[in-house]
Amino acid sequence: MRGERSYSVYTMASKLRRLYTGMTGDLHKRAFEHKQDLVPGFSSRYRMHWLVHYEKYPNVWSAIDREKEIKGWRRSKKVALIKSENPTWVDLAEHWYDDVPTFFGLRKAGPSLRSG
């Protein structure tokens, strides 16, 4: 029997604390893609490399609803959400990839991965 799938709503931040909120069925893979700038667009252009908040949901519809809710908020409310659980804005995924030379068949970045 397969394990139950979960979905995540997450917020990535840049060094200048620009924010990007998204939803995914594989948070580890998606955070890696953000850190490596693998998907062209807003998050790679502004170097959204720090996972500063995430929430898990048991089904895709709940996750989509929550993503839309957060995306509709003012920045101040998003910042308050982040600070309520992560007051120092640490990268929650900072050490997720330390012990593997490659992840999802992709090369891991060097030290610049964590330095911005």
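**View 1. Helix α3 across the strands.** In this predicted model, helix α3 (residues 60–71) lies across β1, β2 and β3 and runs at about 170 degrees to β2. Helices (H or I, at least four residues) and strands (E, at least two) are DSSP runs, numbered from the N terminus, and angles, from 0 to 180 degrees, are taken between N-to-C directions of axes that are lines fitted to C-alpha atoms, for helices over the stretch in contact. Residues are numbered from 1 along each chain as its sequence is written, and side-chain values use heavy atoms, without hydrogens and water. Local features need pLDDT of at least 70 and side-chain atom pairs count only at pLDDT 80 or more, whereas totals for chains, interfaces and linings use all residues.

**View 2. The open sheet and its strand order.** The open sheet has 3 strands in the order β2-β1-β3, with antiparallel pairing, where two strands pair if DSSP finds at least two bridges between them. Because β2 (19–24) and β3 (50–57) stand at the edges, each with a single partner strand, one side of each is left without a neighbour in the sheet. Neighbouring strands of this sheet are turned by 15 degrees against each other on average, direction ignored.

**View 3. The β1–β2 pair and helix α1.** Strand β1 (residues 7–13) runs antiparallel to β2 and is joined to β2 by 6 bridges; S8 stands opposite T24 in β2. Helix α1 (residues 27–35) packs on the sheet, where α1 touches β1, β2 and β3, and its direction makes about 20 degrees with that of β1; contact means heavy atoms within 4.5 Å.

**View 4. E33 in helix α1.** E33, which lies in helix α1, is buried, with a relative accessible area of 18%, given that buried means under 20%, exposed over 50% and partly exposed in between (1.4 Å probe, protein chains only). Leaving aside residues up to four places away in sequence, E33 touches L38 and V39.

**View 5. A nonpolar surface patch.** Y54, V90 and L92 make a nonpolar surface patch of about 220 Å², with accessible areas from the Shrake-Rupley method and a 1.4 Å probe, only the protein chains shown counting as cover for residues. Patches are made of residues with over 30% relative accessible area and no salt bridge, nonpolar side chains (Val, Leu, Ile, Met, Phe, Trp, Tyr) being joined within 5 Å and like charges within 9 Å; a salt bridge is a side-chain nitrogen of Lys or Arg within 4 Å of a carboxyl oxygen of Asp or Glu. V90 is placed in the loop between α4 (75–85) and β4 (102–103) and is partly exposed, with a relative accessible area of 41%.
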